Each structure stands twice: as structure tokens, then as C-alpha cells.
Amino acid sequence: MNKNLQEQIIRSSGVNVLKCMRCGKCSGTCPSYGEMEYHPHQFVYMVERGEIEPLLKSESLYKCLTCFACVERCPRNVEPAKVVEAVRLAAVRQQGNNHLTPAQIPDMLDDDLPQQAIVTAFRKYTK
Amino acid sequence: MQRIGVFVCHCGTNIAATVDVKAVAEALGHEPGVVISQDYQYMCSESGQNLVKNSIKEHNLTGVVVCSCSPRMHENTFRKAAAAAGLNSYMVEIANIREQCSWIHKDIATATEKAIILGKAAVAKVHLNAPLTAGESPVVKRALVIGGGIAGIQTALDIAEAGFDVDIVEKNPTIGGKMAQIDKTFPTLDCAACILTPKMVEASQNEKIHIHSFSEVADVKGFVGNFTVKIKKKARFVDETKCTGCGLCTEKCPMKKVPNEFNMGLDNRTAIYIPFAQAVPKVATIDPNYCMMLKNGKCGVCSKVCSVGAIDYKQEDRIIEEKYGAIIVATGFNPIKLDKYDEFAYNQCADVVTSLELERLMNAAGPNGGTLLRPSDKTHPHTIVFVQCVGSRCDDSKGKPYCSKICCMYTAKHAMLIREKYPDTEVYVFYIDVRTPGKNFDEFYRRAVEQYNVHYIKGMVGKVTPKSDGKIDVQASDLLANEQLHINADMVVLAAAIEPDKTARPLATMLTTQMDTNDFFTEAHPKLRPVESATAGIFLSGACQGPKDIPETVAQASAAAAKAIGLLCKNSITCNPCVAHSNELMCNGCSSCEKVCPYGAITYVDKEFRMPDRTTAIRRVASVNPAVCQGCGACTVACPSGAMDLNGFSNSQIMAEVDAICK
């Protein structure tokens, strides 16, 4: 349990995780569900429990499409995607952590990928 | 100068833990006019009351101030104690040092200071109190029940049983309400019509019960024991006294494409119709939105076939006026509209239905004669998914904040009935929590799981997608297995939240009763007065007060009837003497008070006055009917000349209290 990180996530997301009634509709509606290690409802619950570190390390952060289906449909207005985004930001802002190196790029390239996407990815995932 | 006694209550530790009661008694003892000031552990106890009574006699008190709990709790206790000791009840004032002081403060010093100030204000008021005598007003021995569902029917039957006349006002052409649309009832699975229709018939046959169907309450005036109500009898274009309910007109009517509201629009009816076979009264009604004769004067078939000449195309809305001693509200509920929940595809797919629609689909008098078929292609569904809590337990922006209470049970019922009748059908129920408090309720739900093998899945449906092959893809989460499911379903049933009927809010305004933010009527006390409204003489029956199942509704209906009977039994009731009165010399006849009076208690009269120059002049002045006035004080605030004043809460008394607080 990391109180500081928990507070940071709650503050930067603006989400009150205690409003969650654990219905699981966010995960029921999530189009990326199959790709994710931690699912939207788990994000909310783990932030409530202060288990932020596993989330920070998880690939799930980058599988969320930010489509906001969970935000739109959550009966309690908890806005799980904002929690995911806040954890993502916390990961990006960690000092000295690069999530993408230039060496990884050639493998990822394909003909349809616009150059701009590569630049954006660098901005987002490197420090 | 009054001789005032002050009595400070400890209320155990409720007050004494936060307020220094001895210091309060000591401080108030020095106030002008106070001849005795005491504290005691429980002032409301018999020995506490005796302390008040003995002090009144011993010290010849002319006024009493009790520093204790809210006057809503024990004002009556101390008024009666004072009366027993020979002091006028209205010479007693309560300073609320519990709810308004000890319970809301933590610091003893500030709480004590505030308690003293509240006590001083009460003392200042008692100085200006005058003895008041309560009058009496007669009780009209007739009750009005608004709404003819199971709640209204039960209330009316009980009141009639006690020997009083009852009128039922029902907005639809027949009584019966939602229960008439329900197929089977939980937890016994007996047929709803089989237990409801005998009661409907009993209501129609009881000579004390008068049913005004297809009618609405248009206006309510008056007060407890003496309400005057205008009832609008909507034109049904059929003479109720002549129509025999033979139904020939409904067979011959050429306008056959009218959505049948009794079957939730799942099939059609004719423009002239009788809602269902057991309707009470069994009288036809013409729907003016569809009748060709009423719309463009061409048809008249029903009039030609009617052997008793009951059809009257010229009928108009009629207003009747009646007096009542008590009014019981039984306006009931409706499922919410599901338009804003796009994810469940209710508006896109005919095979996504609400639970009430499913009731009709399974009912013998429903669109398929009791065989469960998909509305889209009339085939047997083999996989059915139930979704719980649709619009219930939501954030205010997304739906209703409350639990609708009945859905868990009726869903278990539906699931069980389907598995019983069609064992080849797989039934899935997605739930957040299964809530089954009630006698034999959890056992019922367990039967659905263990005996009928209904698949209960903890999780919520996130998305419903109609597919081109007629199937429906249901995407949902299974929280216990931690996976996302896709179910290839034939039908989806949504347990829509329930909300109070739309007619309830305007009715509450007419009745000057209170509602909560969800438009449910507010009871006078959530625990101790659950069937009375805060307005005297208005009682609450059934789901208009909160979500309820049938047994609870019937219990509350009978309880409301008992309360109403208790009122109707009396020949007269004691009035509140704290009513408004107008100082005719100061009144300028502006009508401001008349306009704000919610009870219609103020009238204007022309009165002769002797003027200073010995002439007489006729002036228009306000006059208050003390039997109608409820002492709300709206007129005293509205009066620009200060002529209007309230007994027991006069402007000078209020100002004395304010002065004492600000001193």
C-alpha cells in the first residue's frame, strides 16, 4: 500500500473510487478487455486498496484505448478511464524511466504507420 | 410580569455531555421574570413532569420554559403536564438544546453558551405568550382514495368495511393498476389476476365504495376533516350507466391499429376498447386520438351496433365536487423510460424487453396467449439474459439513486417460470447483489439457482448488440471468474428501475404534502409514522411512498386505512389555536395575504368603521377563517402593513426572541 502514490492518482484523476459499487459494468463494456492484465474494475479497486505499483508496471496501461465507454456507462459515475489515465501519467512522469527506446522502433514499423505516430509515441513514452 | 419556571433537561448524556446543564440553569435563573430554574436528568420522565407540575403550583408560575429536545418530541408532553397543573398549555415554550445544540457541537464552552442563548430567547418569548384555547372542527365521514391499484383497492375495502363511504379516483378506464398486468406473483407463484380480481369485484360490489374511473383530481381545498375536492371525470364518450360491457363495439370498431397500453404496446387494440376482460367497471372507452368519428366525423359504427345506445360522441369532461374527511394517496409507480441507456439497445431491438413487457409476453391474456415468443419473429427463445439494476442504484446523473427493491425477486420468478415451462431454454441473470430480504424470499432465489439451474453471474452487462442473424450479442463481465463473457442470446430482459407516477408531483402540490427528490411522498416520520404524510388528514398507501412489493403494499394500504378510519371515527377534531388573525384597523385591503394563503383561509369583507372625525367609512379588510387556517405564517410575511399576525408566533414574540439572541 503506497499512500503517497494513491493520493497522487486520486488527486490527478479527480475520481472518487469509493463511489464504485463493484458492478463490473466497466469491464463488461471494455473493448480492450482481452488485452488487459488488469481490467478497468480492477484499476478502480486497486487504487482504492493503494496497490499502485503493480499497475504502474503493467502493460494494461497502454492497452486502454481511452474510448471512455466505461466512463459513459458507469452507473455510479466513477470514470475508470480517468483512473487509468492518471496511472499512465504517473508512469510517464517517473524520472529516468523510458518505456520506448529507438532500438525497438524498427520492429514496430509497418507501412500504414504514419511518421507522426512514432513521434507521438516517443513524446508519450520517453523522458 | 410573568412568573417563569425554567427546566433544563440532561437527557442522560445526550445533552449533559456537551452542555453544562447546571450552568445553563444558573444563568437562566437570573433572567427577568424567572422565579425558579432547575435541571434534571430526564425531564420527560414521570418524575420530571411532576417536577414541572409541582413547581407551577408551588411558585404560582404563569409561564414555563423547558430546555430539552426538539418540540417535535416532547412539546405535547410538557403542554399536557402544564395543563394538568392548571396552566394554559400554550404558556409552555421549548428551547431545543439537543438537536440544535448538544448534538451538533463538540466544544462544551460554546455549546453551553449557545444553550443559554436559546434558553434566553424562549424566556423572552414566554413573556409575550398569551393563553390560547383550541377550537373544534367537524369531520366529514367520507374518504377519498387517489389511485385504484392494489394499494388503493385494499385501502378502500378496509375503510368501507369500517362503515364509511369511500371514493376511488382512478385515472385509467379500469381499476387494477400494475398488479393487473402482472402474470404471476412471488414467492408463491400464484396467478396475480386470480388474487386481484376478487378484490376488484368486491370493490365494485361494495355499496360504500364509489369508483370514479377515467377521472383525475383537479383541485383540493380545505384541511383535515374537511377537504373539498374537485374531480374531473374525463369524457369516455360512453354512458357508464348504460354500457353493459358486452364488447360488441370493440369487435366491430374498424380502427384496429392502436397500441395496446395494457399489453405494453406489444399488440394492438381498437379505438373503442375495454382494457381487459376483468376490467372494473366493465365499460367501453373511446380513445379520441384514434376514433375516426371523433377525429373527422366519419364512422359511427360503435353507435350503430350498441344495443343500449350508450355511445355519446358529444360527451365532455365533467367536474364533480365532493367533501372528504381524509385523503389517501395511492398513486403507485411506473418503470422508467430506458431511452438513455443506449448500451442495452432497448430502442433498437424488439427482443430487448423490460420485465413488465415480459410479464405480458408470458400472460395468457397477453399478445401471444401465454406462449413465450420473441416479439421480432415469434420464435421460441432458447437463450435469455436478464440484466438487473437497469437505472437503479445509479449516480444521480445516470439514473435513480435508490434500489428498486422488487427486481431481484421478480427476476428470480421470471427465470424460474421460464425454466419450468421451457426446460430447453438457458437463462442467465447478471446481478450486482441479489437482495432478497423478506419471508421465504431467499429460499425462493436459491430454488432458482439450485432446483432450476438458472445461471446467476456476478457482474454487469456492458453492451448489448443486435446481430444481423437475429441473435443478440451480450457482452458482460463475470467478476468472480475475472473474465469478459459474450453470450449469444435470443432475448434480453431489462429489470428497469421504478419511479413514482408522473401525476404524483402536481398532486403533492394540490395536497400541500411533501415529496423527496425522487418524487416519492415523504412520510411524517420514517419509523414511527410511516403511513401518514406531514400534512394532517393525508395518508400514504403503497409505492407512492417508496418501492414496494405486493405484500408490503397491501400491509401499508391497510395501515393507511386504519389511520384514516381513526380520523373518520371522530365527530370533531381539535384545531390548532396558533392561527393567523388580522388587525382590521391596520389592514389596507391589499389582498397580499389572500394570494399567498395555501389553504384558502382568508377572505375579504367590507366593514363599517368609525373614523376619527365621527364619520363612518366602509373599508375592505381581511378576515381569517380559524377553522381553515393551518398557522403556516405565509400571510404574516406577505402583509405589507403588519396587520396580519399569528397566535403563539406573533411578530412581537419572534422579535423578542431575536433580540434575546442578539443581546
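This is a predicted model: local features need pLDDT of at least 70, side-chain atom pairs count only at pLDDT 80 or more; totals for chains, interfaces and linings use all residues.
**Entry 1: chain B overall**

I started with the overall make-up of chain B. I count 18 helices and 36 strands in it. Along the principal axes, its C-alpha atoms fill a box of roughly 90 × 70 × 40 Å. Of the 663 residues in chain B, 46% come out as buried. I also looked at contact range: taking contacts in chain B between residues at least 6 apart in sequence, 70% join residues at least 24 apart.

**Entry 2: domains**

For chain B it gives domain 1 (4-128), domain 2 (142-234 + 317-332 + 501-568), domain 3 (248-305), domain 4 (334-499) and domain 5 (580-647). I checked one distance, and the C-alpha centres of domain 1 and domain 4 of chain B lie 58 Å apart.

Chain A is assigned domain 1 (3-94) and domain 2 (99-127). Their centres, again over C-alpha atoms, are separated by 25 Å.

Strand E1 (residues 4-9) and strand E3 (residues 63-68) of chain B run parallel and are joined by five bridges. Ile4(B) has Gly63(B) as its bridge partner in E3(B).

Strand E24 (residues 461-466) of chain B runs antiparallel to E25(B), with five bridges between them. One of the pairs I checked is Thr465(B) with its bridge partner Asp473(B). The hairpin of E24(B) and E25(B) has five residues between the strands, and Gly470(B) takes a positive phi near 90° there.

On to strand E26 (residues 483-489) of chain B, which is also antiparallel to E25(B) and is joined to E25(B) by seven bridges. Gln475(B) stands opposite His486(B) in E26(B). This hairpin has four residues between its strands, and Asn482(B) in the turn shows a positive phi of about 55°.

Is strand E25 (residues 472-478) of chain B largely enclosed or open? Five of its seven residues are buried, so I put it down as largely enclosed by the rest of the structure.

**Entry 3: nonpolar cores**

I looked for the residues with the most contacts in the largest nonpolar core, which has 131 residues. Ala143(B), Val385(B), Phe430(B) and Val492(B) touch the most other members. Helix H12 (residues 407-421) of chain B supplies the largest share, nine residues.

Leaving out residues up to four places away in sequence, Val385(B) touches Tyr428(B), Phe430(B), Val461(B), Val474(B), Ile487(B), Ala489(B) and Val492(B). Another core, of 42 residues, lies apart from this one, with Ala25(B), Cys69(B), Met91(B) and Ala122(B) among its members.

**Entry 4: where A meets B**

The contact takes 15 residues from chain A and 19 residues from chain B. On the chain A side, helix H2 (residues 25-29) gives the most, with four residues. By class, that side has five nonpolar, six polar and four charged residues.

Phe186(B) and Pro187(B) are joined by one, with omega about -5°; Pro187(B) is in the loop between strand E8 (184-185) and strand E9 (190-191) of chain B. Val280(B) and Pro281(B) are joined by another, with omega about 0°, and Pro281(B) lies in the loop between strand E15 (272-273) and strand E16 (285-286) of chain B.

I also noted positive phi in residues other than glycine. Arg22(A) has phi near 60° and sits in the loop between helix H1 (3-13) and H2 of chain A. Arg22(A) has 16 C-beta neighbours inside 10 Å, so it counts as partly exposed. Phe214(B) has phi near 50°, in the loop between strand E10 (209-212) and strand E11 (215-223) of chain B. Phe214(B) is buried, with 20 other C-beta atoms within 10 Å.

How values were computed. Residues are numbered from 1 along each chain as its sequence is written. Chains are lettered from A and ligands numbered from 1 in the order in which they are written. Two strands pair if DSSP finds at least two bridges between them. Helices (H or I, at least four residues) and strands (E, at least two) are DSSP runs, numbered from the N terminus. Two residues are in contact if their C-beta atoms, placed from the backbone, lie within 7 Å. Ala, Val, Leu, Ile, Met, Phe, Trp, Tyr, Cys and Pro count as nonpolar, Asp, Glu, Lys and Arg as charged, and the others, Gly among them, as polar. A residue is buried if 20 or more other C-beta atoms lie within 10 Å of its own, exposed if 12 or fewer, and partly exposed in between; C-beta atoms are placed from the backbone. Domain bounds come from an automatic or database domain assignment. A nonpolar core is a set of buried Ala, Val, Leu, Ile, Met, Phe, Trp, Tyr and Cys residues joined through C-beta atoms within 7 Å.
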